[in-house]
Amino acid sequence: MGMIDWDAVQTADHVQRGEVSAVECVEEALSRIESTNPTVHAFLHVDAEGALAKARFMDHNVTREAKANLPLAGVPVAIKDNMVTIDMPTTAGSKILEGFRSPYNATVVELLERAGAIVVGKTNMDEFAMGSSTEHSAFGVTRNPWDPTRVPGGSSGGSAAAVASRMVPLALGSDTGGSIRLPASYCGVFGIKPTYGRVSRYGLIAYASSLDQIGPLARSVRDLARTLHLIARHDAKDATSLDVGIISEAPMPTALQSLRIGLPEEYFGEGIDIRVRTLIEKTLDRLREFGADLIPISLPHTRYAIATYYLIAPAEASSNLSRYDGVRYGLRVAGDDLIHMYQNTRQEGFGSEVKRRILLGTHALSAGYYDAYYLKAQKVRTLIRQDFDKAFDKVDLIVTPTVADLPFRLGERDLDPLQMYLTDIFTVTTNLAGIPGLSQPIGLVDRLPVGLQWMGPPLAEDRVLSAASALEAILPTPEWPLSGGIQE
Amino acid sequence: MTNQYEVVIGLEVHVELKTQTKLFCGCANAFGQDPNSQTCPVCLGMPGVLPVLNGEAVALATRAALALHCTVNSHSKFDRKQYFYPDLPKAYQISQYDQPLAENGHVTIQTSIGKRDIGIERIHMEEDAGKLNHLGQRLGDAEGSLVDLNRAGVPLIEIVSRPEMHSPEEARQYLVELRTILSYLEISDLRMEEGSMRCDANVSLRPLDYTGSLADLPRVEIKNVNSFRNVQRGIEFEIGRQRQLLQTGQRIVKETRGFDDASGSTYSQRSKEEANDYRYFPEPDLPPLVLSETWLQDQREALPQLPDELRQYLAQRGVAERDAEVLVQDLNLYHYWAQVVELVPDVRLVTNWLLSDYSRLVNAKGLSFAAPKVNAGGLASLLSLIISGTLSGKMAKEVLETMFETGETAEAVVKRLGLIQITDHNAIKEIVSAVVTANPAVVQDFLSGKEKALAFLVGQVMKQTKGQAKPDLVNALLREVLATYA
């Protein structure tokens, strides 16, 4: 097993033991990026020099004893481009922020660097995290490493593709309606969206503030756990950040024996690709074999989730994105007067999907429509949360497919935004309810990955990770694409 | 249709809170600094930033609400008020919309027919915007504008009165009393010229036979007037303008008007029909503001003595209402007064001296009571010399002036100038007799009924004693001696 096969924990272990240097780890990542990124286009920006300088510093100036206290010593990581960084540009995939440099680091970036991680670059995404395919970036599409004619999922498609194609062992994504879990599923990697408030949003460019959460994408459950252990900390700079204790660094695989797993009927109905369904059911059988208690449940308000999401998220987005007005930073397109400067800047700076959601959200908040749209959506949101509360009285965890189908082809859903929106149907509910959701790769069909989603009660990340870890142990080691480079 | 109208006025007052830091970030809340020197990513509205509520601002706002007799809501929340303008970095202002910090208070004003409570509908917290500095002479032909965001994020409270004032004078009184109350709390600089207190006035005329709701009356808002005097002038002008319109059968347009200081008139800025839809919605980055009863109790206990309490106290101490009001309006003066009264318990003497001679000197020399030239102990010693009869009132005035000039104590001045009042009965009588003997003609005048002649004789005695004879004693002795001539 070579370096390329190491997950983040193994990488850090080797660096801590002095068996490889941080520079070697970064060089390995940079060489993978060099060979693979031109095809996959996972990265928008790679800071080779900066990353090597940090690695060199660690190799020369950090003692072995000190490295033992760096849980991610020398681990190259990728950061979704909606988390701000001092050392690299931050664009959120939008032309309106082209060339923008943040004067401060996001809290998560600080925490990762403090733990010894070395940020090698910023990953591509749907503009302002609005999309499910990473096709809506102002800087080109990201391709699925398993099949470059297909999408990697989105909006954290760059982070998922970077981990799947082994450019880096670990990446951060953000998840507003499924933006970590969907690309994790489509690319065959692990990804978790924590409980709302677990990870500080300070420095995350807001899409929908009440739904956004940062989380890791990785190649093993333990990598997710170690990363969350480090970044899920209370942050005084985020008033919605929870102060509720720390997630275990290395959760023990849970005993599947008599674990009560809920299977919501609403997630196993019509519309699921038969190949996905078959693989999910096979996996459920494995869980059953190991003694898990699979219990049919109902989450009756699930059918309103997409409509609810597409009122709340655009409403908040319309507000969050109004600061991009050309006055202080980013793109400015001149106009005859102030109003026209605003109009020209936003007309040229935003892509069509972003404009669509700003319009939707602005309408939903308009005088005379607020009660019927935004307020009602918030009420439905409460009902969706109550569905989960009730379900978790009866079961420990819930399992569903992460997404109903296999990665679709580039451009396939361009003309039908509604079809695109439905891609998130199994993932948006956890954002609306604020609960943790994890996508785990369970195998391939037709050489394309399939993901299974775990959902848990609020703050039950440890439980979710333990169960995923148990399943990880009984499934074959996930394959990875392109061991010999991309096959066109 | 009647020609009789009732004036209806409501005021919205913005007050900047004098906190250490801004409302949602750690930047200093400081006036008059270099442009954009008091800023950080949060108040600049950089991508990714989040607001964190400043507890000190909540405490100051709560104290204002309590002092204005409001009910402070244990649950309130923040909302985003959205509009584009270069001085508003996020393109939304974090404010409080439908669940404000406090509601239902009042300010008591003195009207011609007695005291009246003007209701306060609500007090809410919000962040201030920055400032634009336009390049060029006028906004209309400005070549550009520079944005200064030092003020962006400074905490404000907005105090919204009920439309319960009926004359420009009542509006002025409301503002004066509001400012007095807030000044006791020391929560704001309250300087209208610096913008730390700002006032918008809503004015409408209600025909006496109008029975509909006040909210439906066409209302004109006069924006951002820079002094109490101009609020009053603006309202006066607006009443005249609206009355004129109504009497000539024209319609009053609901609009926002500016006030022009030079002409004393108001001018149209924008009509409400084209007003913004602010698209308020709950601020998702801030949890609801929950105030515990214990915390509220702490705030109640932190309240200082308020103007009405002080008025009551001064009345008890026998200070005349007019004098009391002067003390109430100037807390530094009151504190000085209280210190002097502590040392010289003659309330009347102290009050008279402080409000007349002492204040005259302070004002003439451009001094203040915050850092008095002659401290309370100094004035008390001087007044004690009057009470003991050592100094006459007239002499004391001279001594006080000298004290202001040289910084000496009263005793030192008296000693240096030898200013001891002559109270020795025999010594004065001797001089009186001599004066009477030396002025037979004047004595004759007096005896023939010219009372004025007495004043001349008093003057002569005072002259010979260098003004140090006790005046009432001189008077009495003169009459006594003159009586022997009759």
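Predicted model: local features only at pLDDT ≥ 70, side-chain atom pairs only at ≥ 80, totals over all residues.

Visitor: In what order do the strands of the open sheet in chain A lie?

Guide: Strands of a sheet pair through backbone hydrogen bonds, in parallel or antiparallel fashion. Here eleven strands of chain A form an open sheet with mixed pairing, in the order S1-S3-S2-S4-S6-S5-S10-S11-S9-S7-S8. On average, neighbouring strands are turned by 30° against each other, direction ignored.

Visitor: Which strands of chain A stand at the edges, and why is one side of each left without a neighbour?

Guide: They are S1 (43-46) and S8 (293-297) of chain A; each has a single partner strand, so one side lacks a neighbour in the sheet. S1(A) runs antiparallel to S3(A), and three bridges join the two. Within this pair, His45(A) is placed opposite Lys122(A) of S3(A).

Visitor: Which strands does helix H2 of chain A touch?

Guide: H2(A), residues 22-40, packs on the sheet and touches S1, S2 and S3 of chain A, its direction making about 20° with that of S3(A). H6(A) lies across S1, S2, S3, S4, S5 and S6 of chain A, at about 155° to S4(A).

Visitor: Which residues of helix H5 of chain A are buried?

Guide: An α-helix has 3.6 residues a turn, so residues three or four places apart point the same way. In H5(A), residues 107-114, the buried residues are Thr107(A), Val108(A), Val109(A), Leu111(A) and Leu112(A). Their cover includes S2, S3, S4, S6 and helix H8 (221-231) of chain A. Just after H5(A), Gly116(A) takes a positive phi of about 100°.

Visitor: Which residue has a positive phi although it is not a glycine, and is Thr134(A) buried or exposed?

Guide: Thr134(A) has a positive phi of about 60° without being a glycine. Thr134(A) lies in the loop between S3 and H6 of chain A. Thr134(A) counts as buried because it has 34 C-beta neighbours inside 10 Å, the cut-off being 20 or more. In chain B, Asn36(B) also has a positive phi of about 60° and is not a glycine, but with 15 such neighbours inside 10 Å Asn36(B) counts as partly exposed.

Visitor: Where is a cis peptide bond found?

Guide: It joins Gly154(A) and Ser155(A), with omega about 10°. Ser155(A) belongs to the loop between S3 (118-123) and H6 (157-164) of chain A.

Visitor: How many residues does each chain bring to the contact?

Guide: Chain A brings 34 residues and chain B 26. The chain B side divides into 18 nonpolar, three polar and five charged residues.

Conventions. Residues numbered from 1 in each chain as written. Chains lettered and ligands numbered in written order. Contact = placed C-beta atoms within 7 Å. Nonpolar A, V, L, I, M, F, W, Y, C, P; charged D, E, K, R; others polar. Helix = DSSP H or I, 4+ residues; strand = E, 2+ residues; numbered from the N terminus. Buried ≥ 20, exposed ≤ 12 C-beta atoms within 10 Å, placed from the backbone. Pairing = 2+ DSSP bridges. Axes fitted to C-alpha atoms, helices over the stretch in contact; angles between N-to-C directions.
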